[in-house]
Amino acid sequence: MTTAAPPLPVPAGPAPDTADYLLEVRDLRTHFHVMDGTVKAVDGVSFAVKRGETIGIVGESGCGKSVTALTIMRLLDIPPAEIATGEILFEGRDVLALSDREMRALRGNDIAMIFQEPMTSLNPVFTVGNQIAEAVRLHLKVSRREAMDRAIESLRLVGINSPERRVKQYPHEMSGGMRQRVMIAMALSCEPKLLIADEPTTALDVTIQAQILELIRRIQAETGTALMLITHDLGVVAEMVHDVVVMYGGRVVEQGTVDEVLLQPRHPYTEGLLASIPSKGMRGARLNVIKGTVPNPFNMPKGCNFAPRCPYRFEPCPEHDPRIEEGGGPPVACWLWKQAPGHSIPQELHDQQVAAARRAAASNTPATTAVPTYHEAPR
Amino acid sequence: MSTQPRGGWTNGRPLVEVKNLVKYYPIQSGILRRKVGDVRAVDNVSFDIQHGEILGLVGESGCGKSTLGRTLIRLLPPTAGEAYLGGVDIFAQKGGALKRMRRKMQIIFQDPVASLNPRMPVSDIIGEGLVAQADKTNHWDKGDVREKRVGEYLEIVGLRRDYARRYPHEFSGGQRQRIGIARALALSPEFVVCDEPVSALDVSIQSQILNLLIDLREEFGLTYLFIAHNLSVVQYLSDRVAVMYLGKVVELAPVEQLYADPRHPYTVALLSAVPEPDPRLRKKRIVLRGDVPSPANPPSGCRFRTRCWLFEQLGRPENCVEEEPPLRELGHGQAAACHWAEKINPQAIGRAANQDTTRTGADADDDDGAGVMPVATEPESINAEGAAPRA
């Protein structure tokens with residue numbers, strides 16, 4: 001277990017130069033205290049976003065990716081939420097230490113966020129022009145008229161035809177793709193340095209998704225906004241991002257560049273996730289399946305979160321938590337890639353382990369070779 | 001029950017035959033609820049599904065794919081057309097005969113949360129259909145018989161027997177979808193409409209459910225109409241694929257043929273829009289302009305022409321505007337509804353995709369989407385894409 005504030009885990013690159021980073025998240029733990037106990041929704045997450053770059057946060061529902069974003073935006077109700085530990089630095093300023101007033105100035109101005117469901121994030125009783133102008137007037141000292149002009153301008157930027165007419169429309173008069181454009185326009189109206197997009201295309205059709213992704217890319221190129229893209233779609237990740245953070249059960253299990261993570265996944269979860277996507281030339285063959293389900297958030301496994309479902313697990317996995325190490329080591333939270341305490345495994349054994357597990361997975365029989373001490377985690 | 005093996009559709013009459021199926025929803029207006037128009041959700045659709053075949057049905061939201069599935073099994077009344085299941089006219093059945101027919105055609109719904117009654121234990125959710133379909137031979141109205149069957153089917157879909165006493169909220173999304181599948185299969189159907197069964201699930205759970213659907217097809221000799229908007233899922237599962245756009249089937253082909261050599265510009269664009277989870281495959285894509293027009297007021301001629309890249313590339317030929325293209329046979333079991341299907345080739349597709357990158361940015365302002373074609377916006381497409389006529 002690590003508790004000390006760590007230097008940043010940088011995936012195989014030059015030494016961390018803090019000035020490069022727009023946003024740094026260090027060992028963030030967001031817990032929810034609810035009636036049935038405590039949910040560690042975010043449990044020690046660290047990553048960094050460089051200026052103008054795109055980072056992808058990937059994971060399935062309940063892995064903590066949205067809570068991470070909401071914590072950064074400080075949009076969570078405290079209580080029931082509690083930020084147990086961690087630092088969020090935006091341009092070197094500690095976001096968690098800001099007063100509510102300072103935070104309001106930061107939110108929208110410097111960091112903006114767009115949400116998954118474009119219908120529920122717009123107010124149905126105001127015109128879209130009003131809503132964008134409201135956001136503008138909150139952050140910039142401009143007149144009503146100037147704010148509306150800015151709203152029209154930002155709608156034009158997101159490729160909406162005849163924005164003068166559109167600003168007078170209500171959200172229900174627009175299609176899903178159009179509403180998502182409005183959300184993006186609103187988020188961009190104050191020229192933020194960081195845009196957090198939480199599943200921006202999940203509710204949209206593929207052809208509309210292609211339009212929105214194209215749009216986000218173009219705007220990024222024009223404005224130099226950094227993007228934190230939260231998604232479960234590895235296709236979107238491959239398309240859009242430079243760096244990837246893979247989350248599982250509230251923890252970062254692997255991070256690296258998009259090529260590293262998607263082409264040579266190291267963590268068994270990433271590997272399983274990629275293999276369970278039906279792809280070309282796989283017709284009729286059985287899909288790889290990650291066995292079991294995501295662990296109960298009230299009762300996370302003691303060691304590695306993924307151990308109960310992992311085909312490669314061995315002695316240290318159920319007992320000891322493999323965190324991504326600070327300052328060096330491969331950025332993957334898996335005992336296969338590091339030395340376990342009291343279970344230091346030499347390279348040879350590591351290779352054997354992986355090979356045996358791969359064979360076992362391929363022949364669809366349980367890996368029995370090296371899992372002597374594993375017990376099913378209680379549901 | 002049909003137990004013909006996969007590929008056995010070459011002989012005999014197909015299990016499901018659909019001829020000129022039409023489903024309109026009336027648009028009503030005013031206090032008198034006068035009918036002022038129709039939403040043409042499904043407009044003159046014909047296809048067959050052979051015994052043991054999986055027909056994939058893809059299209060964007062609002063193209064009528066779910067309406068088609070539901071009309072086919074008489075959850076919605078058809079407006080016109082014919083449909084046969086095993087040679088029996090589905091739309092002509094009434095009363096007891098219809099009820100007996102319902103046992104043969106079942107549906108698995110998309111949303112595993114909304115499709116299970118939260119106040120019923122699983123035993124009642126699965127047992128409800130059994131009670132309704134009980135007769136002198138199956139004795140499903142008897143508690144112990146029913147309980148046994150519910151238990152069997154829970155095990156078949158990979159759940160424990162004792163889950164029958166639990167309520168839906170106690171299950172995860174994937175488990176709920178399994179319950180939905182058990183409910184459909186408990187009646188021993190021949191034909192199952194799978195209406196986006198994996199769309200609401202996470203990737204790792206999605207693959208479990210897809211594997212289950214394939215196993216069940218083999219085990220029970222089922223025939224599926226598999227409705228989805230995810231093209232890779234459809235490709236993985238289907239034998240043949242029908243692509244729908246605005247209530248019409250625009251292309252119908254064996255799966256390999258469709259993905260290797262699409263013959264309708266919409267299919268081409270749809271395939272090009274799917275992001276692949278491989279950063280090496282970042283590709284130039286054909287991005288369609290605007291949104292799907294309103295099905296209450298579809299464009300004249302070919303319904304896809306307002307967003308069609310080929311229409312623009314060929315200099316807006318007149319027959320696209322004036323004549324509705326029929327679904328024509330093109331060989332290899334492939335059919336497409338495009339006047340210019342023969343003009344689609346890799347060069348044309350490449351040109352359309354390249355045009356995209358050149359125009360991104362500069363002239364995006366006077367366009368109504370991040371689309372491909374630098375053309376003046378047509379009045380029709382403006383109308384269709386935003387201000388669809390409403391009641």
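1. Let's start with helix H6 of chain A, residues 176-188, which lies across E6 and strand E7 (194-198) of chain A. H6(A) runs at about 170 degrees to E6(A); axes are lines fitted to C-alpha atoms, for helices over the stretch in contact, and angles run from 0 to 180 degrees between N-to-C directions. Helices (H or I, at least four residues) and strands (E, at least two) are DSSP runs, numbered from the N terminus.

2. A word on the source: this is a predicted model, in which local features need pLDDT of at least 70 and side-chain atom pairs count only at pLDDT 80 or more, while totals for chains, interfaces and linings use all residues. Residues are numbered from 1 along each chain as its sequence is written, and chains are lettered from A and ligands numbered from 1 in the order in which they are written.

3. H6(A) also has a helix partner: its axis and that of helix H3 (residues 128-139) of chain A come within 9 Å and cross at roughly 20 degrees. The two helices, H3(A) and H6(A), are therefore roughly parallel (angles under 35 degrees count as such). On the H3(A) side, Val128(A), Gln131(A), Ile132(A) and Ala135(A) meet Val182(A), Ala185(A) and Met186(A) of H6(A); contact asks for C-beta atoms, placed from the backbone, within 7 Å. By class, this contact of H3(A) with H6(A) has 6 nonpolar, 1 polar and no charged residues (Ala, Val, Leu, Ile, Met, Phe, Trp, Tyr, Cys and Pro count as nonpolar, Asp, Glu, Lys and Arg as charged, and the others, Gly among them, as polar).

4. Now the sheet: 6 strands of chain A form an open sheet with mixed pairing, in the order E6-E7-E8-E3-E9-E10. Its edge strands are E6 (111-114) and E10 (251-257) of chain A, each pairing on one side only. Within chain A, strand E3 (residues 54-58) and strand E9 (residues 243-248) pair in the parallel sense over 4 bridges; pairing requires that DSSP finds at least two bridges. Here Gly56(A) stands opposite Val244(A) in E9(A).

5. Please look at the meeting of the chains too: 44 residues of chain B are in contact with 46 residues of chain A. On chain B's side, H6(B) gives the largest share, 6 residues. That side has 18 nonpolar, 15 polar and 11 charged residues.

6. Finally, helix H1 (residues 65-72) of chain B is largely enclosed by the rest of the structure, because 7 of its 8 residues are buried (20 or more other C-beta atoms, placed from the backbone, within 10 Å of a residue's own). Among them are Lys65(B), Thr67(B) and Leu72(B). Arg74(B), with a positive phi near 65 degrees, follows H1(B).

Definitions and conventions
Two residues are in contact if their C-beta atoms, placed from the backbone, lie within 7 Å. Angles under 35 degrees count as roughly parallel, over 145 as roughly antiparallel, 65 to 115 as roughly perpendicular and the rest as oblique. A residue is buried if 20 or more other C-beta atoms lie within 10 Å of its own, exposed if 12 or fewer, and partly exposed in between; C-beta atoms are placed from the backbone.
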